[in-house]
Amino acid sequence: MSVIPFAERLRARQLDRFPEADRADLERLVQAGDEAAARIRGSYSYLEEPSNVFRLVPAKKAPQP
Amino acid sequence: MDTELHFHSIAALSRLIRTRQLSPVELTRACIARVKALDGQLDSFILLLEAAALAEAQQAEAEIAAGKWRGPLHGIPIGLKDIYNTAGIATTGHSALFRDHVPQEDATSVRLLREAGAVMLGKLATWEFAIGGSSFDLPWPPARNPWDTALDPSGSSSGSGAAVAAGLVPGAMGSDTGGSIRGPAAWCGIAGLKPTYGLISRRGILPLSFSLDHAGPMCWTAEDCALMMQALAQHDPLDPGSTDPGPIDFSAGIGGSIAGLRIGVVRHFFETDVACEPEVLAATEATLQALQAEGAVLRTVSLAPFGEYNALCSLVSRSESYAIHENFLRESPELYGEYGRVRLMGGALVRAADYINAQRQRARLVAEAAAVMRDVDVLVFPTSRQTAGKLGEDSMIGGPQPFFNRAFNVLGGPALAVCNGFSSAGLPISLQIGGRPFEDALVLKLGDAVERIMATRGRRPAMAVEAVAAEQGAAA
């Protein structure tokens, strides 16, 4: 996976106008997030899906007139 | 009035109220006086609802006098973390952004507390939107730790932890997305339950991360948490995450024997995954030995490394919280404090695939823990690797996290923090007890046993004890 510089990532998300004072902390946080993402990146079997549940409940119908 | 009322549990106060040895009005007045006397040092309250609370207490008193006792919370003052919507009363999230936010309706949990007869004493300090940190750049100062006001009570339910520990209010509501009930419970030396996901409605609570958010009680004892859970755990069709497991008696195990209880000790969390302070390790071992002496059966068990839970929880909570706050962050970033703004912005740069992988990995970890918990009834490990840190030293950006809380946000099962000892400096140490989904009563049972066996409930912060002594001196 290509590594995109932090400043470019900020620009892409239109976050580059946020206070300059925040940048150092944000960069540390983003770096920690990248490490977290790398830690759980891997192969996931189709058999394990769906891990994210989209659940529907039966509709309540109006009584017939 | 007996000034030691401030150190009574909800269970004890309730017995006095029910037998009309104590008036809810008298109790509420005492709590209000206590807040006025001590909260200048603690900053745990954002808003004291003096007139409304007294009116509610008068109503409770009249009902009880008429023989209409609603249950153990009737006439008991409760504090609300200021992310719980209260009809006609500002709910600020401790943020300038929501300074003028006045909801039309109570949160479901607030409504249930009112129906149980509880008295709403006030709105409590929180980390900004339950994520920011102990910040000094918000409209209200951060709450302080009553065991040492130079220390952090932790968060995000910081005001709830501080107010309960100092005896300003006997019970409070917190919320827990990555440990925000159990962290302050640990550092303030009280009991805090993150219930099973979906047991308490989140409707009307300012959201942070919808798949990890939990509402829950924070009290002096596990028994009191059980009493609050009994009123709070009701299915709410307005919260899509709400579940209906049928009736649960949360107090069923309180005071009971733990002989034969199978306790899984997740040793790798605190022995190899994260370094702990020696006094935390010593308190944990002392507690385990004491539980074994009471007949509990200890087994060492293994889960995924704690770092994996931490990584997963962080990716999910950042992504979901950014989605909630994105518009506000783009339009009014200056209205956030620095900690809140930075933490929320961190979610803008998480890839969608990484968020989805985190949810996939969550399903694996849930299955793994369920398999482990076929052979043990509960899991235990320390709540925090250390005692309370210094106020203003942000522990959430970089460096090792102080808490082992995120595992049970990921798993969704109940997790209770209870005080199991004190450091040589007199600061509370906490044990965490996790259970299978919907076995909250079992977790509370063991928490109650730990409090009794380790005899930690007789000790209060010095500032609170001195205030009582001063009141007694003035009264004499």
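Me: Why is Q432(B) called buried?

Reply: In this predicted model, Q432(B) has 32 C-beta neighbours inside 10 Å, and a residue is buried if 20 or more other C-beta atoms lie within that distance, so Q432(B) counts as buried. The residue is found in strand β11 of chain B, which covers residues 428–435.

Me: Which residues does Q432(B) touch, leaving out those up to four places away in sequence?

Reply: Q432(B) touches R182(B), V380(B), F381(B), P382(B), T383(B), F404(B), A415(B) and A417(B), where a contact requires C-beta atoms within 7 Å. By a separate C-alpha to C-alpha value, Q432(B) and N405(B) are 8.2 Å apart in space, although 27 residues separate them in sequence.

Me: What makes up the largest nonpolar core, and which residues have the most contacts inside it?

Reply: The largest nonpolar core has 150 residues, and I78(B), I190(B), A191(B) and L416(B) are those with the most contacts inside it. Helix α10 of chain B, residues 306–331, gives the most to this core, with nine residues. As for I190(B), its contacts beyond four places in sequence include G161(B), V164(B), M218(B) and W220(B).

Me: How many residues of chain A are in contact with chain B?

Reply: On chain A, 21 residues are in contact with 28 residues of chain B. Helix α2 of chain A, residues 23–40, gives the most to that side, with eleven residues, and by class the side has ten nonpolar, three polar and eight charged residues.

Definitions and conventions. Residues numbered from 1 in each chain as written. Chains lettered and ligands numbered in written order. Predicted model: local features only at pLDDT ≥ 70, side-chain atom pairs only at ≥ 80, totals over all residues. Core = buried A, V, L, I, M, F, W, Y, C linked by C-beta atoms within 7 Å. Buried ≥ 20, exposed ≤ 12 C-beta atoms within 10 Å, placed from the backbone. Helix = DSSP H or I, 4+ residues; strand = E, 2+ residues; numbered from the N terminus. Contact = placed C-beta atoms within 7 Å. Nonpolar A, V, L, I, M, F, W, Y, C, P; charged D, E, K, R; others polar.
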